[in-house]
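Me: I have a two-chain model open and would like to talk it through with you. Could we begin with a helix pair across the interface?

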Amino acid sequence: MNKILSKFGPFLGLLLVIALFSIPGEVREYFLSVSNFKIILTQTVIVALAALGMTMIIVSGGIDLSAGSVIAFTSVIGALGLKHGWSAWAVVPTVVASGAFLGLLNGSAIAGLRMTPFIITLGMMGIARGAGKWMASNETVNYTNPAINGWMTTADPYDLSMPPGAWVAVALAIATAIFMRRTVFGRQIFAIGSNEATARLCGVNTVVTKALIYTIAGGFFGLAGLMQLARLRQGDPTVAIGVELDIIAAVIIGGASLSGGAGSILGTMIGALIMSVLRNGSQQMGWPTYFQEIMIGVVIIVAVFLDRLRAHKSA
Amino acid sequence: MKKLPLAAATLLALCAMLPITTQAAPERYRIAGVPKGTTDEYWKSANAGMVKAQREFAEQGVTVDIMWKGPIREDDREQQIQVMENFVARRVSAIVLAPLDGTALVPSVELATRAKIPVVLIDSTLDKDVYVSEASTDNYQGGVIAARRLAELLDGKGKVIVVRVVPGSTSVEGRVNGFLDTIKEFPEIEVISSDQYAGPSRDTAYRTAQNLINRYGHQIDGIFTPNNSSTSGTLLALADVGRGGGKVKHVGFDTDKQSVAALRAGDLQGLIVQDPLNMGYVAVKTAIAKLRGEEIPKLIDTGCTLITAENMDDPEINDLLHPPLDKYL
């Protein structure tokens, strides 16, 4: 029973939230529609992509507070590229690489200088945000190049098609889940998070592994920045303020432990969806914004509390 | 994530079994209002205007539901886009939008248009013509009124300065252009500075005004400040050097508590105010006219008014300075 609960806990949470908004008849026909779930999925893409990287970091026992700033920085880089007439083929690798570069800086400092991830990424949060504003000359970067305009939208809002960005997120989620479960590197992430000293004694090169984790995660943040750019069609260095907390919340609601060693991609994706469904549903219900902020706060605490309860029982 | 469609389908099937009552309602519209922010009184006034229109329609037996939702921060473009998308999914009849950004909001207005939901803009415009109508202040005309007032105060002669706000703000540039074009009609008035930017906040405006007053000192006879923050920053700077109280004639734009107090105290000789309540009201009327298939104008001027210490206690002027929010919200 416990095993089933721990596996499907977040999933039940998602169903519960969906059920909550499906009760009032007046809202149900709009809330439970294909077009609405299409919009919910599209709105989840940015947090979901970044949360893939964040799951790896949190499972390894770390944290990254710079995710939101990196999203803003990379979206500015992408906008500058598009402004100079680059094609999507040039913009995508550049943007992902610039995110990965900032991740590499984070990872090297954390692993190489043995500093706390919280401090390093708190610093990077300011550095990346400031660098983004600098690159953008402290204003929004506007361009007319339509190379990536269609990535986060579909021609008909009510049909069954999904925007390409959502497919990218689904494909990468599956790939990352397999990567974390089935590869040596993936298992090493869990090993470091469970007990770094033991992992090192067992022959894991913790310095290189940690640096790589933050680098890969940075690449995911860069991809999230690209999707943000496709949505705004403008490079905005002030975008995604506080989004790192949404990303961390998604990972935590999904059952990961902040002390490392536990977490799953499926859980994280459901965690991200729970928050999007809450936002969307409370708007459909006509609830004020402050109410949905309170709701999401409560959900985070309840999710972690239930997780603790489960862990105690099985121990 | 893969399991989601299945779960949704299951729930859908469950819900389909429940009876859904549909009644043949006569005429009913659901209008969504999406402001730039929710805490500012300016946006609450727009909301009040929408409710005013709702009540008028109710008297004619037409049911209008107003839904009101905006981002918390006035620079959170992503949040405003999400609000727009969620209203499209809610299949509202029409959306009244005050776009935070002329570019970033274009895709979500296009989305609404593809979903056959007409979008009426208030307050600000978009870079691309994807909306059905716009109800906003004729900013150029606001600048014209300000220039006439300042010329009247100066008896048609003297040296004036105009402060700009930030590069690229089309609404404020419109006011400055209206002012500069009109002040030319008075040959004895000389504009000695019109190229300085006051920046986005009261603090930056304060510094800019200090620098300008430092440089031009006692030459200055009149000042036009084209928005809220530049007006209050300039008031502070003039008071610092003892040039307040009407020694330098000062005409400002937009209201807040400080500028209203300055008007009463005689530190400010004129204030041009917009009418956000009227914007919300006109936008709902326009949206419903569009839904009924009537011809609607592309641009509607919601008017701006000169307020002075003499007329500020008139009832209708008082309504502009202190919108009757309690009556509607």
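Me: How near do the axes of H10(A) and H3(B) come, and at what angle do they cross?
Reply: In this predicted model, the axes of H10(A) and H3(B) come within 11 Å of each other and cross at roughly 65°. The crossing in which H10(A) passes H3(B) is left-handed.

Me: Which residues meet there, in H10(A) and in H3(B)?
Reply: From H10(A) there are A:Gln228, A:Arg231 and A:Leu232, and they meet B:Arg77, B:Glu78 and B:Ile81 of H3(B). Sorted by class, this contact of H10(A) with H3(B) has 3 charged, 2 nonpolar and 1 polar residues.

Me: And the whole interface, how many residues of each chain are in contact?
Reply: On the chain A side 37 residues are in contact, and on the chain B side 30 residues. The helices of chain A that each supply at least two residues to the side touching chain B are H1 (2-22), H2 (25-31), H3 (34-59), H7 (164-182), H10 (206-232) and H12 (265-284). That side of chain A divides into 15 nonpolar, 15 polar and 7 charged residues.

Me: Staying with chain A, where does UniProt place the transmembrane regions?
Reply: The UniProt entry, which is unreviewed, places the feature "transmembrane region" at residues 39-58, 65-82, 117-136, 160-180, 201-227, 247-275 and 287-306 of chain A.

Me: What is the helix content of residues 39-58 and how far apart are the ends?
Reply: Residues 39-58 of chain A are 100% helix and 0% strand, with the end C-alpha atoms 28 Å apart. For residues 65-82 of chain A, the end C-alpha atoms are also 28 Å apart, while the chain there is 89% helix and 0% strand.

Me: Which residues of H8 in chain A are buried?
Reply: In H8 of chain A, which covers residues 184-194, A:Gln188, A:Ile189, A:Ala191, A:Ile192 and A:Gly193 are buried. The buried residues of H8(A) pack against H3, H7, H9 (196-201) and H10 of chain A.

Me: Now chain B, what does its secondary structure come to?
Reply: Chain B has 12 helices and 12 strands, and 48% of its 329 residues count as buried. Its C-alpha atoms fill a box of roughly 80 × 45 × 30 Å along the principal axes. Among contacts in chain B between residues at least 6 apart in sequence, 73% join residues at least 24 apart.

Me: How is chain B divided into domains?
Reply: The domain assignment gives domain 1 as 26-137 + 276-302 and domain 2 as 139-274. The C-alpha centres of these two domains of chain B lie 32 Å apart.

Me: What do the buried residues of H4(B) pack against?
Reply: They pack against helix H3 (77-89), strand E3 (94-97) and strand E4 (119-122) of chain B. The buried residues in H4 of chain B, at 106-114, are B:Val106, B:Pro107, B:Ser108, B:Val109, B:Leu111 and B:Ala112. Just after H4(B), B:Lys116 takes a positive phi of about 60°.

Me: Last one, is B:Thr170 buried or exposed, and why?
Reply: B:Thr170 counts as exposed because it has 11 C-beta neighbours inside 10 Å, and the cut-off for exposed is 12 or fewer. B:Thr170 sits in helix H6 of chain B, residues 170-183. From B:Phe87 it is 83 residues away in sequence, and the C-alpha to C-alpha distance between B:Thr170 and B:Phe87 is 28 Å.

Note on methods:
Residues are numbered from 1 along each chain as its sequence is written. Chains are lettered from A and ligands numbered from 1 in the order in which they are written. This is a predicted model: local features need pLDDT of at least 70, side-chain atom pairs count only at pLDDT 80 or more; totals for chains, interfaces and linings use all residues. Two residues are in contact if their C-beta atoms, placed from the backbone, lie within 7 Å. Helices (H or I, at least four residues) and strands (E, at least two) are DSSP runs, numbered from the N terminus. Ala, Val, Leu, Ile, Met, Phe, Trp, Tyr, Cys and Pro count as nonpolar, Asp, Glu, Lys and Arg as charged, and the others, Gly among them, as polar. A residue is buried if 20 or more other C-beta atoms lie within 10 Å of its own, exposed if 12 or fewer, and partly exposed in between; C-beta atoms are placed from the backbone. Axes are lines fitted to C-alpha atoms, for helices over the stretch in contact, and angles run from 0 to 180 degrees between N-to-C directions. A crossing is left-handed if the near helix is turned anticlockwise from the far one by less than a right angle, and right-handed if clockwise. UniProt positions are given in the numbering used here, feature names are shortened, and annotations may be inferred rather than shown by experiment. Domain bounds come from an automatic or database domain assignment.
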